[in-house]
Amino acid sequence: MKTISILSIGLAILFSAKGQVSNNGYQIGDVIENFRLKNVDRKEVSLADYPDAKGFILIFTCNTCPVAKGYEDRIIALDQQFKSQGYPVIAINPNDAEADPEESYQHMQQRATEKGFTFPYLYDPDQIVTKRFAATHTPHTFLLQKTDEGNVLQYIGAIDNDSMGGNPDTKFVESGISALESGKRPEPNTTKAVGCAIKWKKST
Amino acid sequence: MKGCLTLVFAFALLSAARSIAQERVPLTSLDALEKRLEKGGDTTFVVNLWATWCAPCVAEMPHFERLQREYTDKPLRVLFVSLDGTTHRDVVVKFVDNKELKNEVWLLDEKDQQYFIPKVSPDWSGAIPATLFVNTAKGVRIFREQEFDYQQLENSYLSIVR
């Protein structure tokens, strides 16, 4: 009897511990599986296309979210500043175009042209890459560092600490790259920010 | 001189009207909000986190209005807490007025998202819409990062009070 109760307590602990893991995507330190998605210029883009990159600023962003749109100029600035240093921006639209027609591939092309995006803006029609990263909202940023083992996830979260006004005093991605460049880890390596929930494909 | 006085008077009237309108959407710190939830006893609080710019948030608001209407004689309090930021108070006031919202509406007065997002819930990514259900007497605190339809919302409420 005693054994059984100990066992059930053990099980309870096991299940409650399991229950706490709500984020089942990549964790800090994980090696990212390569992906290949269609860019707004109709060409496919993969992380393997960048042999000289030291890492990537991967940003889930979209056409419609006011917070994401408020960040577009800052995303362009990030690409301009860090592409030459080996950390190009790769943007991915995580939203389902059926859930919101303004998130369609055509609207992505329009948005990229209007804003003069200097980086790939990729279409994830089956939300496969979005799910792998467990992205939850736009904009949602993942900083990768290229190593001998592959591209390692080093930072998850916000670009900076001002998602409302555009007047940040702490730039998480910038300081994260500086840390990587000096052989350190980004600190903090995870931040939170208010954003628009991802529009998921209706499960059939 | 008379014209000048009229102008001063008109200006005073206008700013008085503005501050009366702003009272419809008072500011709150997260701490003040949490204290109210803690002291709520058997009241079930449904705290909806939203912003005027968030389309799915705006879409689900009528369900939250309806929940409060349907259970008006119950210890239920539905609170809309806006994340628009204090600099956009006029926008929120205008929105509340246009939509003729009946529920309480508060404007969250917190700048540091690294502080307030995890404090609301460790499960909150920051995505909205999001809703917090609290009943202190029952020891219930449930956080949901999702958009509700009426049935889901009512079921969530009833699952706490039943």
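Trainee: How do the names work, and where does the model come from?

Mentor: Residues are numbered from 1 along each chain as its sequence is written, while chains are lettered from A and ligands numbered from 1 in the order in which they are written. This is a predicted model, so local features need pLDDT of at least 70 and side-chain atom pairs count only at pLDDT 80 or more, while totals for chains, interfaces and linings use all residues.

Trainee: What does the predictor say about the complex and chain B?

Mentor: The complex gets an ipTM of 0.84 and a pTM of 0.87. Chain B averages a pLDDT of 94, and 99% of the residues score at least 70. pLDDT is the predictor's confidence in each residue, from 0 to 100.

Trainee: Back to chain A. How many helices and strands are there?

Mentor: Chain A has five helices and ten strands. Both are DSSP runs numbered from the N terminus: helices are H or I with at least four residues, strands are E with at least two.

Trainee: And how much of chain A is buried?

Mentor: Buried residues make up 39% of the 204 residues in chain A. A residue is buried if 20 or more other C-beta atoms lie within 10 Å of its own, exposed if 12 or fewer, and partly exposed in between, with C-beta atoms placed from the backbone.

Trainee: What order do the strands take in the eight-stranded sheet of chain A?

Mentor: The order is 1-9-8-4-5-6-2-3, in an open sheet with mixed pairing. Strand 1 (31-32) and strand 3 (44-46) of chain A are the edge strands, each pairing on one side only. Two strands pair if DSSP finds at least two bridges between them.

Trainee: Can you show me one pair?

Mentor: Take strand 5 (residues 89-93) and strand 6 (residues 121-123) of chain A, which pair in the parallel sense over three bridges. Ala91(A) has Tyr121(A) in strand 6 as its bridge partner.

Trainee: What holds strands like that together?

Mentor: Strands of a sheet pair through backbone hydrogen bonds, either parallel or antiparallel.

Trainee: Which strands does helix 2 of chain A lie across?

Mentor: Helix 2 (residues 66-82) of chain A lies across strand 4 (55-60) and strand 5 of chain A, and runs at about 150° to strand 5. Those axes are lines fitted to C-alpha atoms, for helices over the stretch in contact, and angles run from 0 to 180 degrees between N-to-C directions. Helix 5 (residues 172-181) of chain A lies across strand 4, strand 8 (140-147) and strand 9 (150-157) of chain A, at about 145° to strand 9.

Trainee: OK, switching to chain B. What's in there?

Mentor: Six helices and seven strands make up the helix and strand count of chain B. Buried residues are 30% of its 162 residues.

Trainee: Which residues of helix 4 of chain B are buried?

Mentor: In helix 4 (residues 89-99) of chain B they are Val92(B), Phe95(B) and Val96(B). Seen down the axis of helix 4 of chain B, these buried residues fall within an arc of 95°, so they line one face of the helix. That arc is the one of the directions from the helix axis to the C-beta atoms.

Trainee: What's on the other side, and what covers the buried one?

Mentor: The face turned away from the buried side of helix 4 of chain B carries the exposed residues Asp97(B) and Asn98(B). The cover over its buried residues includes strand 3 (76-82) and strand 4 (104-108) of chain B.

Trainee: Last topic: how many residues does each chain put into the contact?

Mentor: Chain B gives 17 residues and chain A gives 15 residues. Helix 5 (113-120) and strand 5 (127-128) of chain B each supply at least two residues of the side of chain B that touches chain A. Helix 5 of chain B gives the most to that side, with four residues.

Definitions and conventions. Contact = placed C-beta atoms within 7 Å.
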